[in-house]
Amino acid sequence: MLSEMLSATVLGVDGVPVQVEADVAFGLPSLTIVGLAGSAVQEARERVRSAIRNCGFEVPARRITVNLAPADLPKEGTSYDLAIAAAILGASGQLGLSATRRCALIGELALDGSLRPVPGTLALAAAARSADVGEVIVPQASVREAASVREISVRGAASLGETVAHLVGLRELPAAEPTPIPDWSAPIGVPDLADVIGQPLARRALEIAIAGRHSLALSGPPGIGKTLILRCGEGLLPPLEEGEAVEVSRIHSVAGLIDRREPVIRRRPFRAPHHTVSTQALVGGGSRVRPGEASLAHRGVLMLDEMLQFRADALDALRQPLESGVVTIARVEGALTLPARFTLLTSFNPCPCGWRGSHRHACLCEDGAARRYLARLSGPLRDRLDLWVAMDEPDLRDELDGAEPSSAVAQRVRTAWRRQVERQGVGNAELQGALGDDAGLPSRLVGLLRQRGRRFGLSPRRLHRVARLARTVADLAGSEEIRQADIDEALAYRPERTA
Amino acid sequence: MIGVGTAGPLGGTDEGRGARRLTVVPGPARGAAAERAAWISLASVPGIGPVGFAAVVSRFGSAAAALDESAGDIVAQLPRPDPETGDALLHLQRSGWRRIAKELEQAARRAGGTVIVATDAAYPELLARLEGRPPVLYVLGRPDALAHPAVAVVGTRRPSGYGLSAATDIADEIARAGITVVSGLALGIDGRAHLAALEAGGRTVAVLPSPIDRVYPPRHRELAARIVAEGGALVSEAPPGRLSGKPDFARRNRIISGLAQATVVVEAPDRSGALLTAAAALAQGRELYAVPGPIDSIASRGCNRLIADHEAELVTSPASLLHRLGLSTRNSPSTHVVATLSEAEGLVLGALIKRSGSIEELGLRSHLETPALASALTLLEARGLVASYGGVTFHATLAARRIGHPQEVP
């Protein structure tokens with residue numbers, strides 16, 4: 001006898017519906033799972049057997065075949081357990097002969113038949129909605145996560161028994177309330193710009209970076225507050241828009257980084273991976289593709305402190321997301337695309353000893369050491385960093401006080417952000433088009449920009465970046481029109497000055 | 001006029017040139033052209049430095065005569081012969097020193113340069129006065145660039161921002177006064193001095209530790225090409241067209257100070273190569289100046305010690321240096337630039353003319369907000385009135401300082 005259930009799997013950061021078919025036939029007792037099932041899925045045989053028995057049902061002493069379709073899609077993970085168990089019960093006639101309710105089943109089984117949550121429930125529930133089933137049963141712990149998907153009825157079950165009772169119409173599971181998108185609240189434990197000593201240009205560059213989603217590079221000797229300033233960026237980020245909130249939450253759900261009680265994220269992600277991070281962990285990948293830090297920072301910030309200490313291949317892998325906002329992972333089965341549109345905030349020492357270019361200290365490095373050190377940053381990546389600030393020790397510690405707090409800066413950032421969304425729907429850093437057209441520069445200022453470019457020896461690509469920076473500077477000033485001073489300020493962050 | 005008479009270039013009989021030579025070396029026994037070829041080939045032998053060369057020529061009467069002697073006899077005259085000197089001499093004698101000299105001249109020509117022998121008219125006068133003058137120079141660019149009055153600007157290869165800033169100011173001022181800036185093309189202060197002289201539209205001469213066809217350091221090849229293209233010259237004692245040979249910094253340093261009437265050490269830590277140039281300048285009886293640095297700066301320790309030990313004169317400003325050298329700035333300031341500056345720009349420039357500083361410091365002094373300050377600095381940079389090293393510290397350029405204070409700033 002044949003039975004069919006619906007489940008789902010995660011591919012990249014998206015859910016894909018998976019049909020679970022079970023057939024119970026005469027033959028030697030066995031349980032076989034086919035359909036490119038990975039090791040975790042193969043182990044489902046043991047979990048499913050025990051769970052079925054411990055819920056008071058029985059595993060038929062027959063030849064049982066379970067097929068996961070589409071059969072060409074590699075399956076990993078434990079989210080099919082519940083669907084496999086239900087399909088076996090259906091195929092062995094233990095659900096009764098009446099037609100069972102059409103619903104998607106998601107969850108990992110414990111040996112006693114209780115349900116455990118699985119990562120990516122948000123994406124899986126979205127897959128169930130796309131498969132056009134009216135409802136989805138998820139582990140009780142994941143109800144709020146799944147219920148943040150609209151237009152599908154979400155029901156939480158504690159065990160296989162409860163699920164079966166619901167399927168056969170014995171005891172209906174209550175439909176969960178749609179999870180509301182929470183209000184934004186300021187992140188806790190984030191340093192405040194008021195605590196930064198001096199460094200006015202770096203502060204301002206951070207403000208522009210966050211406001212226009214431009215990438216930032218701070219260089220300077222150790223211990224002068226580069227990391228502190230970058231960390232302050234988290235406190236300047238405006239809340240995620242509602243649409244973005246669900247998108248970002250789904251990525252974090254797949255990575256298993258979500259608070260199941262409060263599954264929808266309103267704060268923009270701020271990811272700061274350690275410099276020992278592998279390329280795979282940075283941009284995603286693996287035999288079962290998982291989103292990397294670049295995707296986890298989607299719509300937020302990716303902070304690379306001591307950027308030159310990162311592996312060169314890891315840094316180079318960031319070129320694609322910086323350019324196009326996505327990461328493409330090539331697999332034997334085809335390419336997977338993960339969203340990764342982030343604002344890159346970086347810092348580094350200008351040479352191994354850290355004192356190169358400092359006005360107060362001499363660099364103690366060997367000849368050429370600084371050049372070799374900076375060469376770790378490839379030209380293409382260097383080109384993609386918008387704002388460059390060389391920092392030095394503040395020399396007037398006592399006279400500096402009353403620095404502007406993050407709250408005041410965040411206010412300007414929000415206003416600038418709103419202007420961009422209303423005008424063009426994307427951040428200024430993502431503008432495309434001919435020089436000047438992209439940022440809406442009048443032709444007089446395009447001429448000025450070109451002239452300055454010749455004077456300072458800037459590449460055409462750099463001029464485009466300067467034009468977009470100038471757009472953000474004007475947005476921060478609340479001005480629709482870009483002035484010459486905005487261009488001149490944008491030029492103050494050119495990398496050639498810090499060389 | 002060809003400075004070679006029958007009695008020899010240094011024999012004192014040729015009144016025009018011999019008068020200002022130290023007459024230690026008798027002239028060639030055979031034709032002048034042959035003796036010149038003998039000089040070129042003998043000077044190309046490793047281990048025969050200026051002192052050894054002079055000893056050999058004085059012992060045997062002329063270079064050509066010396067080359068007829070056995071290699072062992074020649075080596076016996078050298079104060080510090082190389083292990084390979086004997087073999088090289090044998091090779092020279094076997095393959096014919098005239099041919100070797102021709103080949104060296106051809107190699108120089110292939111590299112676009114020329115050979116100047118100490119007996120030639122084109123040989124720089126200041127260098128010719130020295131006891132240990134290099135017998136042969138290879139020059140790429142205009143040999144007459146070596147004939148002008150010159151000041152050497154040297155310093156560490158690992159300068160601080162302050163050192164680079166001082167090197168620029170000093171080289172700029174010297175170049176604008178029409179004086180040639182001589183340096184060693186090294187990374188750091190040397191390269192900056194050459195660059196500043198070029199930027200000021202002046203003339204600069206680089207003395208290489210390597211042959212003229214193999215510019216060292218390679219990273220300054222572009223700068224070297226610019227020096228040649230803009231009326232300057234590259235000078236080297238090392239014969240071109242040879243693959244082996246290490247850069248010889250000690251000999252290079254001696255030529256730097258020897259070409260100049262004064263040497264300025266801009267920034268030098270203890271045991272810096274620039275201190276060797278300073279020692280050479282003193283040994284040659286030339287004026288020595290040093291730029292003082294912060295007492296806690298490792299990079300300035302050598303300079304500060306030169307001043308403390310009364311070996312070098314202290315440089316208080318580029319202008320004072322020129323004054324001490326009896327020179328003055330040629331270019332007159334142009335003031336029309338100032339009229340086009342906005343109030344904020346004038347304020348920033350005024351503050352920088354008083355004292356260079358970081359953006360942080362400028363903000364406090366000018367009371368401008370960071371965005372206004374940042375854009376004003378860019379505009380001033382674009383007009384060549386302000387420059388920065390590494391984007392950390394900003395200073396008014398000499399052009400700006402000549403304009404004067406557009407606005408008084410507290």
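What you have on screen is a predicted model, in which local features need pLDDT of at least 70 and side-chain atom pairs count only at pLDDT 80 or more, while totals for chains, interfaces and linings use all residues. Residues are numbered from 1 along each chain as its sequence is written, and chains are lettered from A and ligands numbered from 1 in the order in which they are written.

**Stop 1: a loop in chain B**

Select B:Arg271. With 9 C-beta neighbours inside 10 Å, B:Arg271 counts as exposed. Its phi is positive, about 60°, although B:Arg271 is not a glycine. Most residues other than glycine have a negative phi, and most peptide bonds are trans. You'll find B:Arg271 in the loop between β7 (262-265) and α13 of chain B. Those labels are DSSP runs numbered from the N terminus: helices are H or I with at least four residues, strands are E with at least two.

**Stop 2: two helices side by side**

Now select residues 249-259 of chain B, which form helix α12, and residues 273-283 of chain B, which form helix α13. Their axes are 8 Å apart and the helices pack at an angle of about 50°. Axes here are lines fitted to C-alpha atoms, for helices over the stretch in contact, and angles run from 0 to 180 degrees between N-to-C directions. Angles under 35 degrees count as roughly parallel, over 145 as roughly antiparallel, 65 to 115 as roughly perpendicular and the rest as oblique. α12(B) and α13(B) are therefore oblique to each other.

Which residues of α12(B) meet α13(B)? Among them are B:Phe249, B:Ala250 and B:Ile256, and on the α13(B) side look for residues including B:Leu276 and B:Ala280. Two residues are in contact if their C-beta atoms, placed from the backbone, lie within 7 Å.

**Stop 3: another pair in chain B**

Move on to helix α17 (residues 343-354) and helix α19 (residues 370-382) of chain B, whose axes come within 9 Å and cross at roughly 75°. α17(B) and α19(B) are therefore roughly perpendicular to each other. Select B:Ala344, B:Glu345, B:Val348 and B:Leu349 to see the α17(B) side of the contact; the α19(B) side includes B:Ala372, B:Leu373 and B:Ala376.

Zoom out to the whole of chain B for a moment. It has 20 helices and 12 strands, and 58% of its 410 residues count as buried.

**Stop 4: the nonpolar core**

A nonpolar core is a set of buried Ala, Val, Leu, Ile, Met, Phe, Trp, Tyr and Cys residues joined through C-beta atoms within 7 Å. The largest one here has 271 residues, and B:Val153, B:Val264 and B:Val265 touch the most other members. Helix α3 (residues 81-91) of chain A gives the most to this core, with nine residues. Center on B:Val264: not counting residues up to four places away in sequence, its contacts include B:Val151, B:Ile170, B:Tyr289 and B:Leu321.

**Stop 5: a covered helix in chain A**

Is helix α4 (residues 121-130) of chain A mostly covered or mostly exposed? Mostly covered: nine of its 10 residues are buried, including A:Leu122, A:Ala125 and A:Arg129. α4(A) is followed by A:Asp132, which has a positive phi near 70°.

**Stop 6**

Pick A:Pro70, in the loop between β4 (63-69) and α3 of chain A. A cis peptide bond joins A:Ala69 to A:Pro70, with omega about 0°. For another cis bond, go to B:Tyr216 and B:Pro217, where omega is about -5°. B:Pro217 sits in the loop between β5 (204-207) and α11 (221-229) of chain B.

**Last stop: where the chains meet**

Finally, show both chains. The contact takes 28 residues from chain A and 30 residues from chain B. On the side of chain A that touches chain B, α19(A) gives the most, with four residues.

Definitions and conventions
A residue is buried if 20 or more other C-beta atoms lie within 10 Å of its own, exposed if 12 or fewer, and partly exposed in between; C-beta atoms are placed from the backbone.
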